[in-house]
Amino acid sequence: MTARTGAADGAAPRLSLVTCTLGRTEPLARLLRSLAAQPAGAFEFVLVDQNPPGFLDGVIAEADAGLPLTRITSPRGLSVGRNAGLSRARGALIGFPDDDCWYDPGTVEAVLALFDDLPDTGVLIGRTLDAGGAESVTRAPPADRRITAETALEAGNSNALFLRRAAVERVGGFDERLGVGAGTPFGSGEETDILLRALAAGFRADYRRDLVVRHDQPAATVSRVEAARRIGPYARGTGALLRKHGLGARTGVQLIARTALGTLKRALRGEPPAFREKTAYIAGLVAGYRRWPAP
């Protein structure tokens, strides 16, 4: 599997990476260091800075001088920032690394090679692992497969989501009512939403296990209090997706049943069953479904 990575002088790079950042310095510096190790000319990095003026000046000053970085600002909100970054992205392929993930040295080449090998694929999804190789953020499917609307909720997270520009343009970018900082009750789901809209528009989506993006375990970077606070908005975002895309009560019942089963398994293993967190998730799921505007 060999990728075409280079771009002619003055030509657009093949891959644009769009990152929205707020409140992070060292994790962002780690991402920039990892990008500096990627092939020159193969990509560009669009950094959407939502911090107070000057907050990132030191981080940017220490970044590799050869890193193809474009820095812009936008109002707060993850989907708002990503859409602002998309307006400046030039690549035929686009990815959305979070500001606290990082790439192995061959990640960009792997993305390009997979799209070369999958010319009919409009959306490519990998998996997220921590530094030790354990699954992080979300559970990954056990084998390569084609993603459908029925399996989209199991397809991973935005760190390992890559799309052809044609798919992004067809669906019109991210729904700014969804995602962290949206100013709505729906604090997640923007990446699954754009995947579902791409599928509805006729684009093929594929998951490949050998495409890996690195991310620390959430428990290592977020306090338990903060993690508990996020449950409601995240669950409401998922509930909103169920209603927006007509996935219906069946999918909601499956999610609730999976949550209840996971709680039971923890209890049987003698682990804290986290009843409060699981109850908050189920309540948020139902609330998100009810609060999303009816079709």
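**Cavities, a pocket and buried residues in the predicted model**

Val-137 lies in the loop between β6 and β7 (145-147), where helices (H or I, at least four residues) and strands (E, at least two) are DSSP runs numbered from the N terminus. The model is predicted, so local features need pLDDT of at least 70 and side-chain atom pairs count only at pLDDT 80 or more, while totals for chains, interfaces and linings use all residues. Residues are numbered from 1 along each chain as its sequence is written, and side-chain values use heavy atoms, with hydrogens and water left out.

Although Val-137 is not a glycine, its phi is positive, at about 75°. Val-137 has a relative accessibility of 39% and counts as partly exposed; buried means under 20% relative accessible area, exposed over 50%, and partly exposed in between (1.4 Å probe, protein chains only).

Two buried polar side chains were examined. Asp-206 belongs to strand β9 (residues 204-215) and is buried, with a relative accessible area of 1%. Its side chain makes a polar contact of 2.8 Å with the side chain of Arg-204. A polar contact is a pair of N or O atoms within 3.5 Å; within protein, one must be able to donate a hydrogen and the other to accept it, and residues adjacent in sequence count only if both atoms are side-chain atoms. Not counting residues up to four places away in sequence, Asp-206 touches residues including Leu-118, Thr-121, Val-123, Arg-145 and Arg-146, contact meaning heavy atoms within 4.5 Å.

Arg-82, in helix α3 (residues 78-86), is buried at 2% relative accessibility. The side chain of Arg-82 makes a polar contact with that of Ser-158 at 2.9 Å. Leaving aside neighbours within four places in sequence, Arg-82 is in contact with Val-18, Phe-96, Asp-98, Ser-158, Phe-174 and Glu-190.

Helix α4 (residues 107-117) is mostly covered, with 8 of its 11 residues buried. Among these are Thr-107, Val-108, Leu-112 and Phe-115. The cover over the buried residues of α4 includes β1 (15-21), β2 (43-49), β4 (93-95), β6, β8 (161-164) and β9.

The structure holds 2 cavities of 30 Å³ or more. On a 1 Å grid over the protein atoms alone, a cavity is a set of points where a 1.4 Å probe fits but cannot get out, and a pocket is an open set with protein on both sides within 12 Å along at least five of seven lines; lining residues have an atom within 4 Å of a point. Grid points are joined across faces, edges and corners, and a volume is the space filled by probe spheres set on the points.

The largest cavity contains about 60 Å³ of space. Helix α6 (residues 190-200) gives the most to its lining, with 3 residues. The lining of the largest cavity has 5 nonpolar, 3 polar and 1 charged residues, where Ala, Val, Leu, Ile, Met, Phe, Trp, Tyr, Cys and Pro count as nonpolar, Asp, Glu, Lys and Arg as charged, and the others, Gly among them, as polar. The second largest cavity has a volume of about 40 Å³, and strand β6 (residues 121-129) supplies the largest share of its lining, 3 residues.

The second largest pocket has a volume of about 220 Å³. Of the 11 residues that line this pocket, the closest to its centre are Glu-150, Thr-151, Leu-153, Thr-251 and Gln-254. Its lining divides into 4 nonpolar, 3 polar and 4 charged residues.
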